[in-house]
Amino acid sequence: MPGRSWCQTAWSLGLCLSLLACGSKDQQEGWTIYPLQRNEPHDGLAVVNQPDGFGLHIFLETDTRDPSICRPRWLPDPARLFNGRGSAAFSSGLATRQEFFEAMTRDAVVSSLQQELEALCKQRAPDARWQWVDPPRSEVEVTPVQLPALEEEDLLTDPYEELQRQKALLGDDPN
């Protein structure tokens, strides 16, 4: 039955092609997403969104102000990714916020971010409960990071006054 084996082969080939076509939209359009460590595991994500290997290096941070909850802290100013499809990807400078917002519309990017941020939270605050917070998708949704205010003891002293104190301690002060 040569006709039957040809039919089975054609059916198998059709099944394989349809399975390949069912890949994510991001893969079909050539987007590549993978963890790219900055200082510790799970603290960065590479998003290659251009055919030449350029893309975004999204820095991942956690918010643990409440010790019982760990959630993402969004930094919408990603670094520019270079050689994203090569053997030694690296980042330098800044990419645009618009590219960040565009990446946040991709299900595969958000899913990867969620996995990496949850792992980062488990690493940094193992006893805290994980809470997902959606990333900003436009400029109006960006909340500036509130840093602690500088206190007097955090400020540098006047260099001239410091030199005068040193001279006085060493006995070199003519006054």
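**Salt bridges, a disulfide and a sheet**

Modeller: R97 is partly exposed, with a relative accessibility of 25%. Buried stands for under 20% relative accessible area, exposed for over 50%, and partly exposed for the range in between (1.4 Å probe, protein chains only). Please note that this is a predicted model, in which local features need pLDDT of at least 70 and side-chain atom pairs count only at pLDDT 80 or more, while totals for chains, interfaces and linings use all residues. Residues are numbered from 1 along each chain as its sequence is written, and side-chain values use heavy atoms, with hydrogens and water left out.

Colleague: What does R97 form with E139?

Modeller: R97 and E139 form a salt bridge, with 2.4 Å between the closest N and O atoms. The term requires a side-chain nitrogen of Lys or Arg within 4 Å of a carboxyl oxygen of Asp or Glu. This pair links distant parts of the chain, 42 residues apart: R97 is in helix α3, and E139 is in the loop between β8 (129-130) and α5 (159-170). Helices (H or I, at least four residues) and strands (E, at least two) are DSSP runs, numbered from the N terminus.

Colleague: And how far apart are the closest N and O atoms of R97 and D77?

Modeller: They are 2.7 Å apart, and this too is a salt bridge. D77 sits in the loop between β5 (69-73) and β6 (79-82), 20 residues from R97 in helix α3 (residues 97-103). D77 is partly exposed, at 35% relative accessible area, and E139 is partly exposed at 46%.

Colleague: How many salt bridges are there in the whole structure?

Modeller: The search finds 12. One of them joins the side chains of R71 and D63, at 3.9 Å from N to O. R71 is partly exposed at 22%, whereas D63 is buried at 6%. There is also a network of salt bridges that links R38, E40, D43, E61 and R124.

Colleague: Changing topic, which residue does the disulfide join to C70?

Modeller: C121 is the partner, with an S to S distance of 1.9 Å. A disulfide is counted when two cysteine sulfur atoms lie within 2.5 Å, and the count is 1. C70 lies in strand β5 and C121 in helix α4 (residues 107-124), so the bond ties together parts 51 residues apart in sequence.

Colleague: Why is it called left-handed?

Modeller: The disulfide is left-handed because the torsion about the S-S bond of C70 and C121 is about -80°. Both C70 and C121 are buried.

Colleague: Now the sheet: in what order do the strands come?

Modeller: The 5 strands of this open sheet follow the order β1-β2-β3-β6-β7, with antiparallel pairing. Two strands pair if DSSP finds at least two bridges between them. At the edges are β1 (32-35) and β7 (90-94), each pairing on one side only. From one strand to the next, the twist averages 30°.

Colleague: How many bridges join β3 to β6?

Modeller: There are 3 bridges between β3 (residues 55-59) and β6, which run antiparallel. Within β3 and β6, G55 stands opposite L81.

Colleague: Which strands does α4 touch?

Modeller: Helix α4 packs on the sheet and touches β1, β2 (44-48) and β3. Contact here means heavy atoms within 4.5 Å. The direction of α4 makes about 165° with that of β2. Axes are lines fitted to C-alpha atoms, for helices over the stretch in contact, and angles run from 0 to 180 degrees between N-to-C directions.
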